[in-house]
Amino acid sequence: KRTSEDSIRKWKIKNLVRICFTEIRLSQAKTHAKRYGKLGIGFTRDFIMNKGGRPVIYIPFDVREDGRLLEDSIRSAYEKSNNNSEIHRSAKWIMAHVKRMSNGQGEDFYEEMEWRLVYDEKSTHFTSSEDDVYRLKFEASDIKVIILPDEITKQQSLGDEFIKKYFSEHLPIMATLDECSNF
């Protein structure tokens, strides 16, 4: 859904639609799941890049005035452009890929190695519904791994008729969070 997100100090991006991915090692899945949920769907980096996904640009939470050139440059371009210009649209897209390295309270985001796929009006890789929900389009063969919370959920998934049919030609690796700890 559309959301607002803190990006550069004291500045929010409004009306943002994006999907986030991480490039963590499978052995980090349990820790990551505590913050974001116990289900993971893995794609290749090429799949994400071919859809327009890019790595996040991490910026320090607190930085001296002379260390803010990147943030100040992007903000300046955005603020000086008018709302309908290509520069404004481009600056918003760049800002959608900016994330603070931490929240200033000890939580570190830099280790997530996040990638983002950002929607804009020219996007063809998202579908939207009447209730303003956006979904990423992909085929079963695009999915390389599914991380499930536990063995019970894994077995239920493998026995589910919809899942069997969807993955009839291509079954991705299906692993539990505990199994991921061994990678």
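Tutor: A residue is buried under 20% relative accessible area, exposed over 50%, and partly exposed in between, with a 1.4 Å probe and protein chains only. The model is predicted, so local features need pLDDT of at least 70 and side-chain atom pairs count only at pLDDT 80 or more, while totals for chains, interfaces and linings use all residues. Residues are numbered from 1 along each chain as its sequence is written, and side-chain values use heavy atoms, with hydrogens and water left out.

Student: Why is Phe138 called partly exposed?

Tutor: Its relative accessible area is 28%. That value falls between 20% and 50%, so Phe138 is partly exposed. Phe43, by contrast, has 18% and is therefore buried. Over the chain of 183 residues, 36% count as buried.

Student: How many aromatic pairs does a search of the whole structure find?

Tutor: The search gives 7 aromatic pairs. Rings of Phe, Tyr and Trp (its six-membered ring) pair if their centres lie within 6.5 Å; planes under 30 degrees apart are stacked, over 60 edge-to-face, and the rest tilted.

Student: What makes the pair of Phe43 and Phe138 edge-to-face?

Tutor: The ring centres are 5.2 Å apart and the planes stand at 70°, so the pair is edge-to-face. Phe43 is in the loop between strand E4 (40-42) and helix H2 (45-50), and Phe138 is in the loop between strand E10 (134-136) and strand E11 (145-148), so this pair ties together parts that are 95 residues apart in sequence. Helices (H or I, at least four residues) and strands (E, at least two) are DSSP runs numbered from the N terminus. Phe43 and Phe138 also belong to one aromatic cluster with Phe21 and Phe47.

Student: Why are the rings of Tyr119 and Phe126 classed as edge-to-face?

Tutor: Their centres are 5.8 Å apart and their planes are at 90°, so this pair is edge-to-face. Tyr119 is buried at 18% relative accessible area, and Phe126 counts as buried at 9%.

Student: Why does Glu114 count as buried?

Tutor: Its relative accessibility is 5%, and since that is under 20%, Glu114 is buried. Glu114 lies in strand E8 (residues 114-118).

Student: With which side chain does the side chain of Glu114 make a polar contact?

Tutor: The partner is the side chain of Lys99, at 2.6 Å. A polar contact is a pair of N or O atoms within 3.5 Å; within protein, one must be able to donate a hydrogen and the other to accept it, and residues adjacent in sequence count only if both atoms are side-chain atoms. Residues up to four places away in sequence being left out, Glu114 touches Cys20, Phe21, Thr22, Pro55, Val56, Tyr58 and Lys99, where contact means heavy atoms within 4.5 Å.

Student: Is Lys154 buried or exposed?

Tutor: Lys154 is at 12% relative accessibility, so it counts as buried. Lys154 is found in helix H5 (residues 151-159), and its side chain reaches the backbone oxygen of Met174 at 3.3 Å. Beyond its neighbours within four places in sequence, Lys154 contacts Leu148, Met174, Thr176 and Glu179.

Student: Which residues lie nearest the centre of the largest pocket?

Tutor: They are Cys20, Phe21, Thr22, His32 and Ile41, among the 50 residues of the lining. Strand E3 (residues 18-22) gives the most to that lining, with 5 residues. The space in the largest pocket is about 1500 Å³.

Student: How is a pocket, with its lining and volume, defined?

Tutor: On a 1 Å grid over the protein atoms alone, where a 1.4 Å probe fits, a pocket is an open set of points with protein on both sides within 12 Å along at least five of seven lines, and lining residues have an atom within 4 Å of a point. The volume is the space filled by probe spheres set on the points, which are joined across faces, edges and corners.
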